[in-house]
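Biologist: Hello! I have a few questions for you, so let us open the file and look together.

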Amino acid sequence: MLNERMVGLGTQRSVIRELFEFGKKRAAEVGAENVFDFSIGNPSVPAPDQVNETAIRLIREMDPVILHGYTSAQGDAGARKMIADSIKKRFDFEVNADNLYITVGAAAGLCCCLNGLCNPGDEVIVFAPYFPEYKVFIEGAGACMKLIPADVEAFQIDFQALEDAIGPKTKAVIVNSPNNPSGCVYSEETIKKLADLLSAKSAKYGEPIFIIADEPYREIAFDGTFVPYIPKYYDNTLVCYSWSKSLSLPGERLGYIMVSDRVTDHELVYAACAGAGRSLGYVNAPGLFQRVCANCADLTADISIYETNRNLLVNGLRDLGYHVVEPGGTFYMFPRTLIEDDIAFCEKAKDFNLLIVPGTGFGCPGHTRISYCVPTEVAKRSLKAFADLADFYKK
Ligand code: PLP
């Protein structure tokens with residue numbers, strides 16, 4: 001008898017994967033230039049030149065036995081020191097190498113935190129719209145996901161719903177800002193309010209309620225939008241960072257967990273995350289790229305194309321009558337669908353060679369996610385397809 005849950009996860013169809021396959025089929029029929037694939041969040045700008053240059057330099061200069069050898073389970077001490085220095089400098093926040101655990105992307109970081117923090121039956125709060133893998137990760141840690149309905153006017157936080165949802169079993173709240181799929185950035189006011197509420201509730205229940213700050217999009221913010229560094233506002237914050245998006249390196253699988261000295265019993269919490277890493281086999285992230293990312297920790301890929309695409313699509317879609325909350329960052333936007341049934345809407349969009357993802361999978365029906373990490377020329381030409389789709393519903 002196999003583990004039924006795992007069989008289910010391994011065989012469940014992914015809407016995004018299916019759209020991707022459909023796009024390939026359609027491209028063969030009508031030409032790739034006529035298919036507008038906004039399905040996948042794969043960065044479309046190259047990593048900065050310094051990334052490859054650093055990799056080449058390290059390969060040339062370092063002793064290969066060390067470069068390709070095991071590092072400590074939590075990551076190379078020199079790499080962790082460089083990352084800590086970068087955090088200190090950029091966010092004016094006290095952190096050292098021992099606060100960091102280098103992981104295989106934010107996905108592994110989230111799993112380490114959730115497994116390290118949660119006991120069976122604990123609850124983890126998530127705000128809609130949310131990255132669907134959270135449910136898989138939370139349930140994999142033996143905990144339950146509690147979903148807070150979306151604030152669809154601004155994609156900030158519905159505080160009344162949050163207050164009602166927190167109880168004695170609440171172990172953590174996942175905060176993802178800038179957000180996948182809405183693209184919205186939580187304001188400083190939102191973060192302060194969240195910190196105050198969680199402090200009060202932690203005191204009430206006599207146990208810390210942690211924030212798990214999932215931050216793969218931290219550096220992808222536009223017009224100088226301020227992205228508050230959450231550990232400065234709330235002590236019991238664990239940061240899960242990733243270079244997948246900020247350095248356009250999703251295939252290299254590099255990120256880290258940061259457990260600062262401000263966290264209650266921080267040494268035990270760090271040990272719990274490291275223990276979870278050990279139990280899951282998430283030890284020793286790839287050695288070459290630990291060092292490459294550490295050397296490039298102050299850099300960001302050129303995100304100007306995302307901002308150009310955002311402006312073009314927000315303005316273009318609004319002109320066509322779509323309702324869009326302007327994203328402050330990422331390369332996603334989350335407009336309302338023109339009919340209530342977002343699944344039917346996205347299915348119809350395929351007739352116009354538009355590949356967009358229903359909001360239902362993100363816990364927010366009546367919306368659709370557009371991943372605009374595409375060439376600007378594709379975004380521009382797609383407006384005709386969005387216009388045809390709108391015309392179809394006007395008829
Ligand atoms: N969290 C969010 C919100 C994401 O969008 C993603 C990837 O798309 C991840 C986590 C996982 O990122 P990583 O590639 O670092 O594992």
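Biologist: Which side chain meets the side chain of Asp298 in a salt bridge?

Modeller: A word first: this is a predicted model, where local features need pLDDT of at least 70, side-chain atom pairs count only at pLDDT 80 or more, and totals for chains, interfaces and linings use all residues. Residues are numbered from 1 along each chain as its sequence is written, and side-chain values use heavy atoms, with hydrogens and water left out. A salt bridge is a side-chain nitrogen of Lys or Arg within 4 Å of a carboxyl oxygen of Asp or Glu. Here the N to O distance is 2.5 Å, and the partner of Asp298 is Lys89.

Biologist: How many residues apart in sequence are the parts that Asp298 and Lys89 tie together?

Modeller: Helices (H or I, at least four residues) and strands (E, at least two) are DSSP runs, numbered from the N terminus. Lys89 is in helix H5, whereas Asp298 lies in the loop between H11 and helix H12 (304-319), so the pair ties together parts whose separation is 209 residues.

Biologist: Is Lys89 buried or exposed?

Modeller: Buried means under 20% relative accessible area, exposed over 50%, and partly exposed in between (1.4 Å probe, protein chains only). Asp298, at 39%, is partly exposed. Lys89 has 58% relative accessibility, so the label is exposed.

Biologist: Which residue forms a salt bridge with Arg291?

Modeller: Arg291 sits in helix H11 (residues 287-295), and its partner is in the loop between helix H4 (64-67) and helix H5 (77-91), 215 residues apart. Arg291 counts as buried, at 8% relative accessibility. The closest N and O atoms are 3.6 Å apart, and the partner is Asp76.

Biologist: In which helix do Lys394 and Asp391 both lie?

Modeller: Their side chains meet in a salt bridge with 3.9 Å from N to O. Lys394 is exposed at 63%, while Asp391 is partly exposed at 36%. The two are three residues apart, about one turn of the helix, and that helix is H14 (residues 376-394).

Biologist: Now the ligand: how much of its exposed area does the protein bury?

Modeller: Start with polar contacts, meaning pairs of N or O atoms within 3.5 Å (within protein, one must be able to donate a hydrogen and the other to accept it, and residues adjacent in sequence count only if both atoms are side-chain atoms). A polar side-chain atom of Ser242 is 2.6 Å from a ligand oxygen, and an N or O atom in the side chain of Lys245 is 2.9 Å from one. Taken alone, the ligand exposes 390 Å², and the share buried by the protein is 91% (areas by the Shrake-Rupley method with a 1.4 Å probe; for residues, only the protein chains shown count as cover).
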